[in-house]
Amino acid sequence: MNGTYLASGPLVWMATIAITTLLLAASAKALFLVVPFLLAIILYYMLYPVVRRLEFNGIGRETAAALVAGGVSLLAIAVLVPTVPWLIGQSVSGEEALGRYLEGGRVLINRTLATLESQFGFLKRMDFSAEVGRRADELGGTFMKEQLAQGLLNAAAQLPAVLLAPFLAFFLLRDGRRFMRMIATAIPNAFFERTIFMFDSVHQTARNYFAGLLKLAVVDAALYTLGLWLIGVSGAMVLGIVAALLAWIPMVGSILGCIMIVLAAATEFPNDPWVVYAAIGMYLSVRFLDTFVIMPLTVGRSIRMHPLPTVLMLFIGGTVAGVPGLVLALPMAGVVSTVVGTIGAIIDDPRLHARHRFSKSLEAKRINADLQL
Amino acid sequence: MFSFLKRQSEQSRIGQIQRLGLFATLQPKELRVINGLLHERRYLKGEIVFDQGEEGQALYIVFGGRVLICRQGEPETGRIAEVAEGSMFGELALLDGSPRSAQARAAEDCLLAALSRADFNGLVETHAVVASKIALQLARALGQKLREHFVAMDARPL
């Protein structure tokens, strides 16, 4: 892809940040729509090659889209029907397990503080261990009672909307390309090539981002599972998958994933701090590998933005739209910067405007040709 | 409700595409894939399709009318070629985004179909056989043009 059609500079940056912030704020207000749309877009990019393959084998686009989206829906139902009752059955024991993990974390903190107190006398004189333990107990109780319950309620409220995702994905698969062509039809001839360049850039940005995210999750999950299994933590695969999915949330996800793995290791090996240290080391190694090797090769390539506005967008996303804002900030900023850059380049090109005016004058001449007496 | 999105006269368009040298080796189902990628554009007589020096994004097929290829801003004195119905121009844009080597203007009211480089690149990923057939035909066409150029310059090809 050639970048000469993209304008850049402080104005483009400012417009990108302003528009993305507005979109993120609007997303926070319409989360019930954003979540299924986001899932539908991920499904679209996963299923699009299958639809193309079916189409190539002589099946019409409508039928191919219906077959693929229908197949995914049936698969989801086949997985959900036995899973939901099992999950409900597990909810009580899940709460118990969480309590056990928090207790394991508390024990780890107490042991670490006791070791520190034995090394540094002033901490013992401050009764540091008891004070921190009391604060941790308070925090743990509040988290269980308020934060966790609220989080689960919010997640449950999104569930019906999530069921919309395959339905939306079907329409994207069936009509997405035709819809783009229809929009291109409405674009004046002078701006046509720039517009198809913009469509392609937007498509590439979104596709690379979401496909990169999926690849990243698979690689991360495999690495975490392998690492935890080697350390000897049970449930390595489940923990690995959850940690990999949490990594989709920039900044916050990494911290949550690390805490989860540390708690699991501390609970299972309360008398062996070296297992916890090994788990932390493994987690940090994977994150390091992720940030500097895997991510630049997958997700990083899709967002063609300078690191400064990228970090700024993450902070703005988190502030105006919370966790969904953190997840959406980068792909949204990538798409908006492409659109703003292309429109900026069109505005800056007087030749294109002259050609458009010339086309309009030709059209006017033709329309008025038989009006002269 | 979505009737406005329905495909129109697909069969007649596929027939026209099939007659083009670039797509001559494609099977009917492969032609359907190509047809799904084309953008139909209408140009009035005298209207500019693209300028010399502009970054090429698409190849154009003439479905109706004629297109003049000329030096920038010299439709009379800088005439290079005229592309008739059933032919194409701007095919180098499929290979890269290098600047257009000449200006293209509608010599009369035209109906064109554009195949973008982005769509062709997508074809390379999803339908490699179709893309390779087109690329081979493109290479043949360019080779032919190169030979004609050498003959015109009264020089021997390398």
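Modeller: Rings of Phe, Tyr and Trp pair if their centres lie within 6.5 Å. This is a predicted model.

Biologist: How many aromatic pairs are there over all chains?

Modeller: Ring centres within 6.5 Å make a pair. By this rule, the count over all chains is 10 aromatic pairs.

Biologist: Is the pair of B:F50 and B:Y60 stacked, edge-to-face or tilted?

Modeller: The ring centres of B:F50 and B:Y60 lie 6.0 Å apart. Planes under 30 degrees apart count as stacked and over 60 as edge-to-face. The planes here stand at 40°, so the pair is tilted.

Biologist: Which strands does that pair link?

Modeller: B:F50 and B:Y60 are 10 residues apart in the chain. B:F50 is in strand β2 and B:Y60 in strand β3 of chain B. The strands are β2 (residues 48-50) and β3 (residues 58-64).

Biologist: Is B:Y60 buried or exposed?

Modeller: Buried means under 20% relative accessible area. B:Y60 has 0% relative accessibility, so B:Y60 is buried.

Biologist: Which residue lies over the face of B:F50?

Modeller: B:F50 itself is buried, at 4% relative accessible area. The residue over its face is 3.8 Å from the ring centre, and is B:R100.

Biologist: Against which helices do the buried residues of α4(B) pack?

Modeller: The buried residues include B:V130, B:I134 and B:L138. In chain A their partner is α2 (31-56). In chain B the partners are α2 (28-35) and α3 (117-126).

Note on methods: Residues numbered from 1 in each chain as written. Chains lettered and ligands numbered in written order. Predicted model: local features only at pLDDT ≥ 70, side-chain atom pairs only at ≥ 80, totals over all residues. Heavy atoms only, no water. Buried < 20%, exposed > 50% of the residue type's maximum accessible area, 1.4 Å probe, protein only. Helix = DSSP H or I, 4+ residues; strand = E, 2+ residues; numbered from the N terminus. Contact = heavy atoms within 4.5 Å. Lys NZ or Arg CZ within 6 Å of the ring centre and 35° of its normal.
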